[in-house]
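Hi,

Here is the structure I promised to pass on.

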Amino acid sequence: MANKQAVLGSGARFTGKISNAKSIEINGYVEADLTTEKVTIGSTGKFIGAVDSDLVVIAGEYEGKMQAESVWLTETSRISGEVHYKSLQMDRGAALNCRVVHNWNETNSQKVDENDQNDDEVLEEQTNEK
Amino acid sequence: MSEITYISEELVMEGNLDSAGSSVVLAGRFKGELRAKDVLLEANSIFDGNLVADKVTLGGFVKGEVSANTLNVASSAKVEGNLKTNALSIDLGAEVSGSITRIS
């Protein structure tokens with residue numbers, strides 16, 4: 001029983017707090033804030049609230065602010081609110097009515113700027129090597 | 001698609017769960033209002049609040065009020081509170097303290 005996945009059935013409605021979740025599947029209606037490793041919102045599911053997760057798969061409805069490493073929005077998904085992601089897959093038919101933000105590390109964005117400036121130096125180094 | 005709601009061992013839920021037409025199995029923790037058709041509270045689960053269902057099996061730690069047409073208290077259960085039921089069975093070893101009344 002230890003590793004059985006948490007499921008909210010399609011007829012169920014939950015409002016409140018969910019904590020300590022590892023992996024959860026939502027086929028019903030949920031109004032909550034959720035921090036987890038993996039969350040699946042099934043085609044009959046509706047989730048309202050903030051989500052912070054490594055992996056998010058949505059086939060149903062989502063409303064809120066989502067922060068995720070990896071997001072998969074299937075063809076039946078309907079999203080409103082805000083999606084912050086590192087990697088995003090969207091199937092044809094997915095309905096998004098939201099802000100989509102790709103967040104990379106600030107250190108990475110600074111590196112990009114530095115690279116622009118350092119181009120000349122790199123060239124110099126290369127010519128020196130020759 | 002599964003109709004059943006399963007609250008896994010590590011999960012902690014607090015609030016209002018209404019699953020009138022289907023079953024709920026609790027292995028983790030739940031605090032608040034729970035309404036369902038069938039409810040199974042597994043051994044080591046923790047429930048605190050108000051439970052209303054047609055058929056209930058209590059196996060874990062229960063505090064609060066339980067109202068069920070058919071109620072079974074398993075031997076692993078520790079119950080502190082009020083039980084309302086029309087058909088009751090309590091297994092040998094179950095710890096029950098509180099009141100037991102009929103619904104109707």
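**Salt bridges in the two chains**

Let's start with Lys84(B), which is partly exposed at a relative accessible area of 33% (buried is under 20%, exposed over 50%, partly exposed in between, using a 1.4 Å probe and protein chains only). Lys84(B) makes a salt bridge with Glu65(B), with 3.8 Å between the closest N and O atoms; the term means a side-chain nitrogen of Lys or Arg within 4 Å of a carboxyl oxygen of Asp or Glu. The two sit 19 residues apart, Lys84(B) in strand 6 and Glu65(B) in strand 5 of chain B (strands are DSSP runs of E, at least two residues, numbered from the N terminus). Glu65(B) is partly exposed too, at 27%.

A quick word on the model: it is predicted, so local features need pLDDT of at least 70 and side-chain atom pairs pLDDT 80 or more, while totals for chains, interfaces and linings use all residues. Residues are numbered from 1 along each chain, chains are lettered from A and ligands numbered from 1 as written, and side-chain values use heavy atoms, without hydrogens and water.

Over in chain A, Glu69(A) and Lys86(A) pair up at 3.3 Å, N to O.

Which residue of chain A does Glu14(B) bridge to? That's Lys17(A), at 4.0 Å, and the pair crosses between chains. Lys17(A) is exposed at 53%, while Glu14(B) is partly exposed at 32%.

Finally, Lys46(A), Glu61(A) and Arg78(A) form a network of salt bridges. The count over all chains is seven.

Cheers

Notes
Helix = DSSP H or I, 4+ residues; strand = E, 2+ residues; numbered from the N terminus.
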